[in-house]
Amino acid sequence: MPGEGKSRGELGEIKTQLAALTGSSGSKGDAVAAKKDLFKKIINYMTIGIDMSSLFVQVMTCGVSNSEDIVLKKMLYLYLSTYAQSNPDLTLLTINLLTKDCKDQDPTIRGLALRSLCSLRVPNLVEYIVSPISQGLRDGHPYMRRTAVMGVLKVYKQDSSAVKISGMLDTVREMTLKDADAQVVANCLSVLQQVGVVQSMISRVFVYAMLNRLKEFSEWAQCQVLDVISTYRPSGEQEVYDIMNVLDDRLSHSNSAVVMATVKVFLHLTLSMPATHQQVLERIKDPLITLVSRDHYETAYAVLAHFHLIAQRAPIIFSQIYTSFYCRMNEPSYIKQLKLEILTAIADETNAYEIATELTEYVNDIDEQLAREAVRAVGTIALEVQDVAGIVERLLGFLEIGKDFITAETIIQIKDLVRRYPDIAEACISSVASISPSDIEEPEAKAAFVWILGEHGQGIQDAPYLLEPVAANFAAEEVRVRLALLPAVAKLFFKRPPESHRLLGITLAAAAADTNQDVHDRALLYYRLLQRDPELAKRIIQPASAGIANFSEEQSAELRDRIFDEFNSLAVCYKAPSSSFAQAANEEGGEGEDLVGGSPARPVKMVDEGSSLLSEHEQEEAAAAEHLQQNGTSTPTTTATAAPAMDFLGMGDLLGGLSAPAPAAPAVPAGPPPLALRSQPALGPPEFQQKWSTLQPSARFTQQLSASGLGLIEANGHKDFCTRLGLANIMTMASGGAPPTYRFYFHAQRAERDTRILVETIVSKPAGSASVTIKADDQDTADHFASQFKERLANL
Amino acid sequence: MACSALFILDLKGRVILSRDYRGDVPLKLAERFITKLNELEESGKPSPVLYDEGVSYIYIQYSNLYLMAVARNNINAAAILLFLHKLREVFTHYFQELEEESLRDNFVIAYELLDEVMDFGYPQFTEAKILSEFIKTDAHKMEVQARPPMAVTNAVSWRSEGIKYKKNEVFLDVVESVNLLVNSNGTVVRSEVVGALKMRTFLSGMPECKLGLNDKVLFEAQGRAGKSKAVDLEDMKFHQCVRLARFDNDRTISFIPPDGAFDLMTYRLSQNVRPLIWVECLVEKHSRSRTEYLVKARSQFKERSSATNVEILLPLPPDAITPTVRTSQGAATYAPEKEALIWKIKNFPGGREFLLRCKFGLPSVEAEDETQGRMPPIRVSFEIPYFTVSGIQVRYLKVIEKSGYQALPWVRYITTGGEYEIRMG
């Protein structure tokens with residue numbers, strides 16, 4: 001990029017040239033050619049990021065004088081719409097030119113001018129734009145009407161009230177049904193969908209009218225129409241069949257976007273007809289497979305992501321075409337990874353062996369990432385499909401490959417497998433025992449290895465000696481290894497006291513001296529337990545293990561359903577509902593989601609499988625703590641403490657003693673005096689956001705909502721609900737979300753103090769409940785407010 | 001939902017072109033994208049859809065460019081990815097080669113195109129043929145500004161009126177590509193044929209075309225089953241010009257074709273077919289420093305057909321030393337950069353078998369990590385002209401235009417090796 005000085009010199013030069021050309025009197029053709037060259041130069045600079053806005057006046061006057069040349073005109077318009085925002089005062093000058101061109105004879109010029117006019121994005125100019133658009137909507141030429149319809153949306157984005165007053169939306173609505181040009185209709189649908197009024201138009205007549213014209217539409221427009229139709233709920237089954245019959249040929253369209261849009265319609269129409277839904281899945285299988293094998297990798301990726309979603313819902317449909325998901329050498333890793341996930345999802349008794357065999361090929365692959373994923377996939381299949389012989393053997397075979405990372409991944413899988421099916425432990429542990437801990441570098445694998453040795457130490461002769469080097473090197477290990485070692489050594493001690501005594505001593509000593517709070521506290525806990533009552537300690541640290549029936553899935557069925565509702569969108573690629581990553585669909589609710597800025601989780605959440613190991617420890621610990629309270633100490637706390645893991649430290653008590661009477665006591669007749677709230681508290685969104693991110697949640701609860709309550713919340717775009725809360729001095733900061741989940745942010749301020757109360761309420765329609773998180777400056781206020789707010793929700 | 005802006009970046013993430021459709025994303029985003037992409041590439045997991053701080057980046061890579069759409073909404077990922085590919089086609093149509101240089105040279109046209117393919121983030125028209133009448137390149141610019149062609153506004157969006165050729169011709173290529181995966185124990189794990197009817201039309205006016213195939217369903221419907229060989233094609237997909245309702249009714253493929261090249265139809269065949277070219281590789285390890293490959297390549301199709309440009313890629317260990325090769329047909333060369341031996345056979349008639357022997361050494365000192373993972377598969381590419389696996393045949397291709405000219409149809413058949421992999425033992 002040229003230096004600042006140079007570009008300034010260059011700018012001056014261009015300015016002079018522009019001035020010279022504006023007044024030039026040479027032959028017309030030459031003048032136009034010279035101007036074009038100069039404009040090209042300007043736009044070139046503009047493209048590479050040099051600010052050309054200071055030339056605004058010169059460019060405009062120069063461009064206007066030869067405006068009959070279309071290319072020159074296009075460049076001028078491009079320049080104008082790029083820099084209009086930085087020159088709002090000067091833009092008024094261009095309005096004249098553009099509005100004049102909106103009445104040109106040539107529809108191309110009319111369209112171009114109108115499009116540029118709508119793209120200026122300068123707020124105070126909206127008034128000048130409305131009337132050209134209104135005229136454009138009635139234009140005789142479809143090119144102009146297409147542009148005008150989109151113009152409505154552009155203005156709506158800037159100033160929705162101007163559009164509502166002008167009545168243009170009604171015109172657009174009429175055009176949707178009447179306009180002769182298909183692309184105009186498609187653009188109308190886009191506008192209505194974005195503005196959020198398309199739902200109210202969808203009726204049987206409307207859908208049938210669209211379907212009858214579908215073939216006139218361009219490929220992209222068809223996608224738009226199908227997307228709208230997918231939200232239609234037919235009145236009866238016959239109607240569903242009619243629609244599907246009409247659309248069936250769309251599955252043979254060569255444009256994969258059209259095929260996907262059709263698939264979405266089929267799936268959503270038949271949701272309430274299980275048998276037909278299965279048939280639909282059978283029907284779409286082949287077209288989708290073709291898209292995967294025919295299309296570009298990128299589109300195949302999107303299709304595979306949808307495959308994965310469907311395969312999770314109905315694995316049986318795809319269990320016989322599993323070979324379609326075998327990986328090819330040249331495929332990019334994102335394809336391979338998805339294929340592995342699909343293979344895992346569709347593995348059942350009939351194909352698990354073949355799939356595991358194929359996966360074994362990938363385990364040997366040069367691509368480390370793929371090899372790791374393959375080991376995990378075999379592990380998951382072994383967990384899910386238990387009755388198939390040979391899969392566990394394959395897994396154990398991986399240990400002999402002799403690559404450290406494969407050994408590591410495999411151990412983690414074996415750990416989970418043994419937890420689930422303790423009876424296969426014997427077959428596994430001999431292979432595991434042959435591994436030297438020094439070969440395992442990765443902390444997660446090491447923790448798993450340590451766990452296996454602790455849990456099944458009775459069957460491994462060398463177990464104490466295998467653990468010894470880990471204990472000797474205690475301080476250098478990662479936290480998760482240290483945390484895993486403590487219970488492992490303790491368990492081993494119960495099984496083989498003489499051999500493990502020394503090991504336990506070393507470990508406890510090292511752990512007690514640890515700087516990590518968790519490790520340190522756990523070591524002390526174990527130490528005291530053992531000191532007080534070894535038998536009790538054994539019961540707590542090593543409860544009788546029965547296999548774990550179910551690992552919590554990485555994705556709940558409910559979440560999958562929500563993603564399924566958003567079929568054919570980014571949500572499927574991210575495997576997360578759109579509320580976690582995108583702006584709300586409806587413009588009205590657009591702010592709600594964004595408010596808490598950073599807080600929505602990243603959509604692509606890699607589930608940390610190893611965490612299950614830790615969480616198990618946490619459970620153990622929690623159980624231990626409870627035990628302690630019941631049997632050992634004299635604390636008269638009930639078992640239903642909110643945070644047992646913390647309670648054994650006495651923290652809960654400490655806090656409980658300070659805080660107000662237990663919040664969960666609405667039954668107390670003479671409840672706490674109502675919390676007085678200041679009316680009209682002032683709090684701007686930035687402060688709210690800042691406060692929200694700094695404060696810790698003070699109270700949380702979930703409240704069931706009555707049907708009428710839900711209705712109230714939904715009604716009138718949440719306005720009624722918010723007004724009602726407003727009367728109680730609870731102000732709405734933002735509301736949003738799309739059905740079936742809504743999200744609200746409220747704030748209030750305590751009357752006699754300055755205490756702020758911030759509330760997040762997430763209403764889930766299917767569950768019929770609201771989860772509320774309250775953050776306040778002090779705990780007392782939060783508890784008060786919580787009980788009050790809870791009652792309010794209950795009595796909606 | 002619509003996307004916010006389109007970017008075209010070079011591989012370092014510098015913006016070559018951008019078009020902001022909705023004004024709701026800062027144009028500086030491109031830098032974020034490339035940072036994020038590099039981050040993910042290190043962990044080995046970049047996918048065509050990235051997410052970073054509220055913005056989704058959807059991109060494809062082509063030559064030395066990224067074509068990227070960004071959005072804040074939950075947009076239709078599959079459609080946008082396809083749209084980017086269509087955009088690439090449009091650019092390729094205009095600039096022949098789509099790459100950084102050609103784009104910089106033609107940025108004004110590129111801007112014009114970006115203006116027409118999308119409006120406010122909604123895809124509009126991506127038919128290069130149509131756009132090219134709308135946006136003229138310098139090469140064939142017209143004196144008088146053209147009005148928007150009829151095609152932008154009428155129902156036949158893929159063809160404009162008033163096309164004229166001196167000689168009216170249609171070329172139809174039936175191309176079948178064989179994907180094969182054979183396991184190291186010699187079993188065929190997967191075989192699949194992906195077929196396409198590729199057309200190039202040079203026809204005047206608004207011609208009505210009708211294509212007849214030896215379609216099994218059609219033959220059965222007409223009660224002609226068994227008389228002549230018919231094929232059962234799976235999952236046929238047609239270009240948008242084909243009247244799908246008509247096809248569903250009576251299996252007639254009728255259409256008004258676009259001008260120039262396009263894919264009329266694609267189909268798939270997943271029944272197991274005998275691998276056309278079979279390759280077996282016997283590895284003999286005489287000693288640590290001397291290994292020998294004995295490779296047999298056999299053509300398993302009828303003798304009257306013949307494969308051309310057969311190329312067999314035989315992977316060698318990365319540290320192989322001085323391979324020496326003998327072949328009974330064709331020539332084999334060592335390509336160290338591919339860690340493979342490339343055996344090329346210009347002409348490979350059906351029902352024949354050719355041999356290759358390759359001796360090579362390995363360093364006598366063992367490498368650190370002896371088990372370097374499995375060998376990549378043997379890969380085979382080939383072309384068999386005048387032959388299709390499916391046996392599909394074009395029975396007729398009729399062209400009817402109201403001016404009544406006679407068009408010449410040219411039909412060719414060819415089968416090629418696609419993802420053709422045979423795993424080594």
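Here are some questions and answers about a predicted model with chains A and B.

Me: How many helices and strands does chain B have, and what share of the residues in chain B is buried?
Reply: Happy to start there! The secondary structure of chain B comes to eight helices and 23 strands. Chain B has 425 residues, and the buried share of them is 56%.

Me: In chain B, what percentage of the contacts with a separation of 6 or more is between residues 24 or more positions apart?
Reply: Good one to think about with the fold on your screen. Take the contacts in chain B with a separation of 6 or more, then pick out those between residues 24 or more positions apart. Their share is 69%.

Me: How much area do chain B and chain A bury between them?
Reply: Let's look at the residues before the area. Chain B brings 96 residues to the contact and chain A brings 99. Of the area buried between the two chains, 53% is on carbon and sulfur atoms, and the total is about 8400 Å².

Me: Which residue of chain A meets Arg423(B) in a salt bridge?
Reply: Eight salt bridges are counted between chain B and chain A. In one of them, the side chain of Arg423(B) has a partner in chain A, with an N to O distance of 2.7 Å. That partner is Glu358(A).

Me: Which helix gives the largest share of the side of chain B that touches chain A?
Reply: Across this interface, 30 residue pairs are in polar contact. The largest share of chain B's side is nine residues, and they come from residues 77-95, which form helix H2 of chain B.

Me: Is Thr126(B) buried or exposed?
Reply: Start with where Thr126(B) sits: in the loop between strand S7 (122-123) and helix H5 (128-134) of chain B. Residues that Thr126(B) touches include Glu219(A) and Trp220(A) from chain A, and Phe83(B) and Leu131(B) from chain B. Its relative accessibility is 6%, and the cut-off for buried is under 20%, so Thr126(B) is buried.

Me: Which side chain makes a polar contact with the side chain of Thr126(B)?
Reply: This contact goes from chain B to chain A, at 2.9 Å. The partner of Thr126(B) is Trp220(A).

Me: How far is the side chain of Tyr83(A) from the backbone nitrogen of Met52(A)?
Reply: Tyr83(A) lies in helix H4 (residues 70-83) of chain A, and it is buried, with a relative accessible area of 8%. Ser53(A) is 30 residues away in sequence, yet the C-alpha atoms of Tyr83(A) and Ser53(A) are 5.7 Å apart. The side chain of Tyr83(A) reaches the backbone nitrogen of Met52(A) at 3.1 Å.

Me: How many residues apart in the chain are Asp263(B) and Lys198(B)?
Reply: These two form a salt bridge, with their closest N and O atoms 3.3 Å apart. Asp263(B) is in strand S13 (residues 260-269) and Lys198(B) is in strand S9 (residues 188-202), so the pair links distant parts of chain B, and the separation is 65 residues.

How values were computed:
Residues numbered from 1 in each chain as written. Chains lettered and ligands numbered in written order. Predicted model: local features only at pLDDT ≥ 70, side-chain atom pairs only at ≥ 80, totals over all residues. Heavy atoms only, no water. Contact = heavy atoms within 4.5 Å. Buried area = accessible area lost by both parts, 1.4 Å probe. Salt bridge = Lys/Arg side-chain N within 4 Å of Asp/Glu carboxyl O. Polar contact = N/O pair within 3.5 Å; in protein donor to acceptor, adjacent residues only side chain to side chain. Helix = DSSP H or I, 4+ residues; strand = E, 2+ residues; numbered from the N terminus. Buried < 20%, exposed > 50% of the residue type's maximum accessible area, 1.4 Å probe, protein only. Lists of a residue's contacts leave out its neighbours within four places in sequence.
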